[in-house]
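Subject: Structure for you to look at

Hi,

Here is the structure I promised. Please open it first, then read my notes below.

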Amino acid sequence: MSARFLETDISGTFLNHSLGPSDFKSFGKVGERNYLQGLPTGSDGYQVLLANFEPTEEEKQIEEALAPLFPHLTGRMKPRNWTILEDGTFKIEDQSAIRNAQRIAGQEGKPHKAESPSLYIPPEALQQDTLSPVMTEATLSLLGIEARADEYTKWAFLLFDGIPTLKRFYHGWDADESFHPPALELIAVQTRGATQDQVDRYLEQVSRRRWIPPFRTIRQMLIFPYPQEKTTGPSYGQYISAIQETASNSAGALKRTVKPDEDTHGVGFEKIITALGILSPKDTAEDIFYVFERFTMPGDAILPDPERAVLSFRALGIDRRFIARILYQCLETLNNNVSPHLGEGEQFLDMARARDLVCFYAKSRTGEKDFQILMARNPRIRPNKQLERIGGKSSSN
Ligand SMILES: [Fe+2]
Ligand SMILES: [Fe+2]
């Protein structure tokens, strides 16, 4: 018998319309031994589905379109090049030294396998840095968002069960993201912006929130992280510039670690959505507008005190206008990527609708002139002005 494996709707409910009790085998029913293995008394044990897993047509098509994009074994765009050691040291492969060694090896006709020299940024280096209260606030807000990346990925793993390439890509993405909270936590604590206790309490508060995605399909869920990751990279760019002066070691660490990760993720999703656009242009275009019209940055919803987070981001020059410009760049890129694959003169996305959409997001008036003004404005870093508005103190103090 072939049956769709555990189909799930977005609320996480398993729907097994075509399956009956005989399709499942239970094992580990009550008994002293099983109780000892961790099952509570009275438990019916574990269930295993005997029916064969059969991906849907849609899943097969998506798998076929995405498989060539990512290396088969890892699903990654590129290998990880940094980690955090147990004592809180950032260990980063020195890319320029590697390239140099490869160049020299090449000139001498040796194989290109170069040693990978590393940069080390120990906690003592971060201790020489200071963060202003508003930058501490921004650090905690970033930490809160990073710590809750699972609020998205947990849904994704349920939805993408039938698409192996996506599962591999998401595992790799998740692994990258798992290093971002400790990186920010180290910066917050070692610079003495916040105490370990304050960070722990903040994270505990953050962990109580739940994000329910407003999306209904695999494609919509896949589109959402594209503008989000595309925004994250430049946002770290703003943060790094803002702390550069007083916290150059922290800035240097993030510049070589979290920021390039985010940029890579943005490119990954760009490839994915482009492939979906080429596969089914009309439906994908509709879903792109559906998602972009509902787009909010996760921090707006999930952080315990979103208002303070928003103010601290504004201090970095990250506001609705900053994000609106990135949303437009995303839509423009997708349009440029997919349109050449369509019929003569055909456009993938209605760019007039895209312009209205981003003006609406920025709460600016729609119209060509207002759109041009929106796109021309450069982000400014205004820490001092915003500092007064959040009381000049970090919420954790
Ligand atoms: Fe991240
Ligand atoms: Fe990311």
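Two strands count as paired if DSSP finds at least two bridges between them. Keep that in mind for the sheet. Also note that this is a predicted model.

**The sheet**

Which residue of β9 is the bridge partner of F90? It is I121. F90 belongs to a pairing between β8 (residues 90-93) and β9, which run antiparallel and share 4 bridges. The sheet around them is open and has 3 strands, in the order β7-β8-β9, with antiparallel pairing.

Now find α9 (residues 196-206). Its residues V199, Y202 and V206 are buried. Seen down the axis of α9, the buried residues fall within an arc of 65 degrees, so they line one face of the helix. An α-helix has 3.6 residues a turn, so residues three or four places apart point the same way. What do the buried residues of α9 pack against? They pack against α5 (133-147) and α8. On the other side of α9, Q196, D197 and E204 are exposed.

**The whole chain**

The protein chain has 20 helices and 9 strands. Of its 397 residues, 38% count as buried. Take the contacts with a separation of 6 or more: 74% of them join residues 24 or more positions apart.

The chain averages a pLDDT of 84, and 82% of the residues score at least 70. Which element has the highest mean pLDDT, and which the lowest? Helix α8 (residues 180-190) has the highest, at 98. Strand β1 (residues 2-3) has the lowest, at 33. Over residues 9-14 the pLDDT is below 50, and this stretch has 10 contacts in the model beyond near neighbours in sequence. Residues 391-397 are also below 50, with 15 such contacts. Where pLDDT is low, the predicted coordinates should not be read in detail.

Best wishes

Methods: Residues numbered from 1 in each chain as written. Chains lettered and ligands numbered in written order. Predicted model: local features only at pLDDT ≥ 70, side-chain atom pairs only at ≥ 80, totals over all residues. Helix = DSSP H or I, 4+ residues; strand = E, 2+ residues; numbered from the N terminus. pLDDT = per-residue confidence, 0-100. Contact = placed C-beta atoms within 7 Å. Buried ≥ 20, exposed ≤ 12 C-beta atoms within 10 Å, placed from the backbone. Arc of directions from axis to C-beta.
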